[in-house]
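This report describes one protein chain for a reader who is new to structural analysis. Please look at the sequence and the model before reading on.

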Amino acid sequence: TAPGPRGYATLRDEAVKLFNSLQQLELERDPVLLMQGILQTCLDLPPLVDEIYCQLVKQTTEPPAPGGQGDLHYWQLLTCMSCTFLPSPPVLRFLCFHLDRTERRFPASEMAKYACFIREALGKTKGRECVPSLEEILMLMQRQEMICTVHCPGAPACSVAISSHTTAQEVAQELVSRLGLSQSPNLFALYEQSRRREQPVGSATLLADVLTRFE
């Protein structure tokens, strides 16, 4: 019953607020900001991650209108959750059963496509420093990759397709190959530059987190 961090209420109260947000999500025409807010609360209050996963499984089980806008909004948030947080092992098993059941019941449907995407994402997700940016959420809602522009000294800017799981090292390696520098003895890294600072991006850092910080 103790107050949560960053001015949050108790976990119980925040769980109620998140449930109300999920109810609102079903009716939202543009749910991106609401989704990001739910993800941010889960990042700040990790004990609520399992709660939201369970609520989303419940909302996408026997929906009144399978494949309708409200149903797909829940699947889209579930997609964003799967690229940001890993549930506990018991909830993960429950979730995977739900994904399998959805693919069997609604083959070739949008729900089945989201279920397949979520299963693959869960196999790669290790946890995030930041919640997905608005652009990333939009791309995840469409099950597409983002385009990241990297400025290279002495060469034109390069556009690289990245997912929620792409690391700085993977992008650096791709750019080295594109620029024909694979045989170079030099070491290459990505740098994050803003008006106030310039710093190297750790090789294991997710590019999606860097893009969220810029946002």
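Is threonine 102 buried or exposed? Threonine 102 is buried, with a relative accessible area of 6%; here buried means under 20% relative accessible area, exposed means over 50%, and partly exposed lies in between, using a 1.4 Å probe and protein chains only. Threonine 102 lies in helix 5. Leaving aside residues up to four places away in sequence, threonine 102 touches Trp75, Met111 and Ala112, where contact means heavy atoms within 4.5 Å.

**Basis of the description**

The model is predicted: local features need pLDDT of at least 70, side-chain atom pairs count only at pLDDT 80 or more, and totals for chains, interfaces and linings use all residues. Residues are numbered from 1 along each chain as its sequence is written, and side-chain values use heavy atoms, with hydrogens and water left out.

**The chain as a whole**

The chain contains nine helices and four strands. Helices (H or I, at least four residues) and strands (E, at least two) are DSSP runs, numbered from the N terminus. Along the sequence, their order is α-α-α-α-α-α-α-β-β-α-β-β-α. The C-alpha atoms fill a box of roughly 60 × 45 × 35 Å, taken along the principal axes. Of the 215 residues in the chain, 45% are buried. Among contacts with a separation of 6 or more, 65% are between residues 24 or more positions apart. The chain exposes about 11,900 Å², of which carbon and sulfur atoms supply 53%; accessible areas come from the Shrake-Rupley method with a 1.4 Å probe, and for residues only the protein chains shown count as cover.

In soluble globular proteins, nonpolar side chains tend to be buried together. A nonpolar core is a set of buried Ala, Val, Leu, Ile, Met, Phe, Trp, Tyr and Cys residues joined through side-chain atoms within 4.5 Å. The largest such core has 40 residues, and those touching the most other members are Leu22, Leu39, Tyr53, Leu56, Trp75, Leu77 and Met81. Two or more residues each come from helix 1 (11-25), helix 2 (32-44), helix 3 (49-59), helix 4 (69-82), helix 5 (89-105), helix 6 (110-122) and helix 7 (134-141). Helix 4 gives the most, with seven residues. Methionine 81 touches Leu39, Cys42, Val49, Ile52, Tyr53 and Leu56, not counting residues up to four places away in sequence. Apart from this core lies another, of 17 residues, including Met146, Ala172, Leu175 and Leu190.

**The region from residue 144**

For residues 144-215, an unreviewed UniProt entry lists "domain: Ras-associating"; UniProt positions follow the numbering used here, feature names are shortened, and annotations may be inferred rather than shown by experiment. Over residues 144-215 the chain is 26% helix and 22% strand, and the end C-alpha atoms are 19 Å apart.

Strand 1 and strand 2 run antiparallel and are joined by five bridges; two strands pair if DSSP finds at least two bridges between them. Threonine 149 stands opposite serine 159, while the bridge partner of isoleucine 147 is alanine 161. In both strands the side chains alternate between two faces, as the table shows.

In helix 8 (residues 168-178), the buried residues are Ala168, Val171, Ala172, Leu175 and Val176. They cover an arc of only 140° around the axis, so they lie on the same side of helix 8; the arc is that of the directions from the helix axis to the C-beta atoms. An α-helix has 3.6 residues a turn, so residues three or four places apart point the same way. The buried residues of helix 8 pack against strand 1 (146-150), strand 2 (158-162) and helix 9 (207-214). Glycine 180 follows helix 8 and has a positive phi, near 70°.

**Positive phi outside glycine**

Glutamate 62 is not a glycine, yet its phi is positive, about 55°. Glutamate 62 lies in the loop between helix 3 and helix 4 and is exposed, at 57% relative accessibility. Arginine 143, also a residue other than glycine, has a positive phi near 55°. Arginine 143 is found in the loop between helix 7 and strand 1 and is partly exposed, with a relative accessible area of 24%.
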